[in-house]
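Here's a quick briefing on charges in this structure: where they cluster and how they pair up. Have a look at it first.

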Amino acid sequence: MEDFLRRLRREERRLSALVAGDLAMESTFGLSYEHLAAPSQTLFRRLSLVDGPSFDARLAGAVGDLDVDDAEDLLDGLAALGLVETLRGDRYRLHDLLRLYAASRLRAEEPAEAISAERRRLRDWLLATAITAGARFEPRPPDAPAVDGRLTFSSNDDARAWLITEAEHWFSAYQAAAARGDHVTVLAVADSLHWFSDLWRAWGRWQEVFATSAAAAAALDDPAQQARHLGYLAWAQLVETFDPAQARATAEAALQAARRAGDVQQSGWANFYLAWSMLNVRDFDVAHRYADAAVQDFAAARDVEGELQARSIGASIRSRYEPEAAIGEHRELLEFVARVGDELPASIRGLTEANAHAVIAYGLLQLDRHEEAVAAASAALAIGSSAEFQSGHASAHRHRGLAQLGLGRVDAARADLTAALTLGDGARSATWLDEVRAALDAIPG
């Protein structure tokens with residue numbers, strides 16, 4: 001068996017090695033292929049350029065330079081002959097052996113230069129589409145034109161679905177851009193996905209995305225870009241790999257880059273991530289100093305949104321050991337947001353309000369003011385959706401569950417803690433999840 005598999009892995013011999021009785025698989029595929037009209041043959045061959053495990057008619061259209069309706073018609077014809085497999089959700093799959101056959105026909109019938117150009121065109125389309133989709137989640141999204149006249153998104157839900165469903169494809173294209181040294185494109189993609197990344201923490205590959213973009217900025221010797229993308233990377237190390245020590249080192253490098261660039265706004269973000277990393281290791285005094293420095297930097301840069309985030313984390317630091325002070329500061333923060341809310345993007349306003357209510361709930365829980373904690377946590381959960389604010393909603397469910405438990409409401413507590421565990425998976429640390437599991441296990445019955 002191992003010898004057979006080794007022979008299959010040799011690109012030039014994979015198909016010729018596959019014989020079952022008197023039936024040669026390559027010949028069988030060839031009979032079906034020869035029955036295809038030229039446009040169907042072209043699409044079939046070029047589907048071998050698709051990197052991911054499945055695709056839809058939009059992606060097939062990009063491969064075959066077709067509109068979606070024509071691509072769908074050709075895919076249905078290929079499926080009828082068994083050359084592609086239909087999947088749920090209007091998706092298709094090219095079996096590994098058929099992919100090999102399609103690739104062999106591509107090499108035989110199209111020049112190497114044309115194949116390289118098609119592969120590059122497909123990857124460029126994927127990255128341009130990823131930029132279009134990601135831009136929808138920016139606080140003030142730009143007007144995004146159609147990509148090559150083909151693909152736009154009518155809503156954030158559509159954009160989110162595309163980014164998640166086609167992640168294998170656009171991420172592979174992103175890696176290819178990095179490998180060929182297309183640093184400008186790498187930075188553009190990472191910038192466009194910065195806001196979206198916080199809405200899909202469970203993906204687990206954001207550290208790779210932002211490590212790659214930080215390396216691209218370094219290759220361009222652009223300290224301002226370095227500072228920004230090192231900040232993105234520090235975020236991923238905090239919320240995805242839960243490594244505050246590494247995040248601190250990354251944020252320190254971001255701060256140095258920001259100072260080289262003379263970019264006070266990026267200095268603010270670097271100080272913000274330093275405060276966050278020190279908060280996670282419970283070094284509250286140092287975290288305070290970084291948070292205060294971030295507030296000063298953002299104020300100097302006239303970045304109201306950044307200042308709001310810096311003040312939020314400063315208040316959160318106090319919540320670890322001064323519940324009354326934290327409650328008061330977060331209520332003041334909510335009053336501030338109420339006053340200036342129209343000047344803030346809806347996403348930032350919602351995130352700030354949801355997190356503030358969750359922190360207030362935590363403080364009230366520490367003070368055994370359980371009924372008030374339930375109300376505060378409920379206020380957090382009433383803002384946005386769990387898809388938008390996954391981490392904040394996970395915390396609110398946790399706090400409300402513990403408060404309900406303190407009030408003797410066992411069923412309600414179990415429901416909230418179960419929700420916290422579900423939402424926290426991929427969004428909170430293993431320690432946090434273990435604490436929720438322990439609370440659930442301790443519930444009688």
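On the surface, a patch of negative charge brings together Asp67, Asp69, Asp70, Glu72, Asp73, Asp76 and Asp90. Patches here take residues with over 30% relative accessible area and no salt bridge, with like charges joined within 9 Å. Bear in mind that this is a predicted model, where local features need pLDDT of at least 70, side-chain atom pairs count only at pLDDT 80 or more, and totals for chains, interfaces and linings use all residues. Residues are numbered from 1 along each chain as its sequence is written, and side-chain values use heavy atoms, leaving out hydrogens and water.

**The patch**
- Asp73 sits in helix α5 (residues 68–80), helices being DSSP runs of H or I with at least four residues and strands runs of E with at least two.
- Asp73 is exposed at 54% relative accessible area (exposed is over 50%, buried under 20%, partly exposed in between, with a 1.4 Å probe and protein chains only).

**Salt bridges**
- The whole structure has 25 salt bridges, meaning a side-chain nitrogen of Lys or Arg within 4 Å of a carboxyl oxygen of Asp or Glu.
- Glu166 and Arg91 pair up at 2.9 Å, N to O.
- That pair spans 75 residues, from the loop between α8 (156–165) and α9 (167–179) to strand β5 (residues 91–93).
- Glu166 is buried at 1% relative accessibility, and Arg91 is buried at 11%.

**Around Arg180**
- Arg180 bridges to Asp124, with the closest N and O atoms 3.4 Å apart.
- Arg180 also bridges to Asp182, at 3.6 Å between the closest N and O atoms.
- Asp182 is buried at 18% relative accessibility, while Arg180 is partly exposed at 31%.

Technical notes. Patch = residues over 30% accessible without salt bridge, like charges linked within 9 Å, V, L, I, M, F, W, Y side chains within 5 Å. Areas by Shrake-Rupley, 256 points an atom, 1.4 Å probe, with all protein chains shown as cover. Lys, Arg positive; Asp, Glu negative; His and termini not counted. Charge placed at Lys NZ, Arg CZ, Asp CG, Glu CD.
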